[in-house]
Amino acid sequence: MAFPLRILLLLFLSIPFSESKSNLSFDYYKRSCPNFEKIVRETITTKQMSNPATAAGTLRLFFHDCMVEGCDASVFIASNSFNTAERDADVNLSLSGDGYEVVIKAKTTLELTCPKVVSCADILAVATRDLVTMVGGPYYKIRLGRKDGLVSKASRVEGNLPRSNMSMTHVINLFASKGFNVQEMVALTGGHTIGFSHCIEFSDRLFSYSKKQATDPELNSKFAAGLRNICANHTTDKTMSAFNDVFTPGKFDNMYFKNLPRGLGLLAYDHALVKDPRTKPFVELYATNQTVFFQDFSRAMQKLSIHGIKTAINGEVRNRCDQFNSIQT
């Protein structure tokens with residue numbers, strides 16, 4: 001009987017757990033760390049009040065983390081002489097320090113209250129939700145219990161995150177490979193309603209659109225003139241940036257979608273959303289109905305938050321968000 005039992009055990013252990021939701025629950029920390037969400041909420045409130053860019057920075061950080069290796073805080077790992085980590089991949093170098101800081105601050109407080117219990121991945125998921133809500137966006141419930149990943153490599157980033165110059169077909173296929181349909185993709189893109197983009201990401205629309213026209217003619221003319229002024233020194237100053245939503249940049253609303261038909265989309269991808277027949281209907285829907293946008297965004301974020309999650313079998317609760325436990329002394 002021992003032999004068949006051993007075979008059954010091996011088969012059981014071979015079942016992939018990375019996408020499993022069975023170990024997650026809404027009240028995961030009810031007993032082990034009852035003040036978890038209160039501590040995170042207090043931390044993000046203080047940070048957002050002192051630096052209003054925190055919400056957008058954390059939302060972008062969450063997206064970049066989840067799209068590569070899943071929602072496992074692998075983007076927090078610091079590089080060392082043996083490994084170049086995710087956060088040092090080219091596309092991640094522009095991630096805001098505010099997102100990192102608010103999660104690390106919450107983690108530090110939680111380690112004093114309930115040490116070695118709460119994962120950095122869970123902190124990031126809840127901090128993102130609370131910050132979105134704080135700046136006017138929807139509240140949505142998040143399942144908890146995800147573990148921190150054991151792998152973080154810059155070489156695995158490329159091809160897993162959309163780029164501003166990708167074709168719409170490329171971006172749709174990228175999201176599809178992660179299990180998201182077109183409507184979910186457009187809803188998640190609505191996160192562009194807060195925050196900013198660096199000039200380098202859209203400078204070609206302003207200064208080198210084509211041989212005949214330096215500026216993209218479909219950009220609103222006054223908007224383009226303002227952007228050319230803001231981004232005049234973008235080749236020497238890589239920090240130059242502009243708000244994604246020129247009207248309500250600090251408020252999570254549906255203004256981003258209202259702006260697109262007016263030629264006020266900052267990135268080439270933003271503008272393509274309102275031109276491509278596969279995405280245009282959703283842009284128009286969200287532009288006219290903020291309630292539907294909030295509902296779809298909430299569902300898409302809940303789905304994203306459990307993408308590629310790690311459990312105890314292939315993850316850990318890090319003592320520090322920027323280091324794997326195995327290399328700590």
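Visitor: What makes the crossing of H3 and H5 left-handed?

Guide: In this predicted model, the crossing of H3 and H5 is left-handed, a term used if the near helix is turned anticlockwise from the far one by less than a right angle, whereas clockwise is right-handed. Helices here are DSSP runs of H or I with at least four residues, numbered from the N terminus.

Visitor: Why are H3 and H5 called oblique to each other?

Guide: The axes of H3 (residues 54-67) and H5 (residues 120-134) cross at roughly 140° and come within 9 Å. Axes are lines fitted to C-alpha atoms over the stretch in contact, with angles from 0 to 180 degrees between N-to-C directions. Angles under 35 degrees count as roughly parallel, over 145 as roughly antiparallel, 65 to 115 as roughly perpendicular and the rest as oblique. H3 and H5 are therefore oblique.

Visitor: Which residues of H3 and H5 make the contact?

Guide: With contact meaning heavy atoms within 4.5 Å, those of H3 include Leu 59 and Phe 62, and those of H5 include Leu 124 and Leu 131.

Visitor: Why is Asn 181 called partly exposed?

Guide: Asn 181 has a relative accessible area of 43%; buried means under 20%, exposed over 50%, and partly exposed in between (1.4 Å probe, protein chains only). Asn 181 is therefore partly exposed. Its place is the loop between helix H6 (168-177) and helix H7 (182-189). Asn 181 and Tyr 286 are 105 residues apart in sequence and 16 Å apart in space, C-alpha to C-alpha.

Visitor: How are residues numbered, and which atoms are used for side-chain values?

Guide: Numbering runs from 1 along each chain as its sequence is written, and side-chain values use heavy atoms, leaving out hydrogens and water. Local features need pLDDT of at least 70 and side-chain atom pairs count only at pLDDT 80 or more, while totals for chains, interfaces and linings use all residues.

Note on methods
Helices (H or I, at least four residues) and strands (E, at least two) are DSSP runs, numbered from the N terminus.
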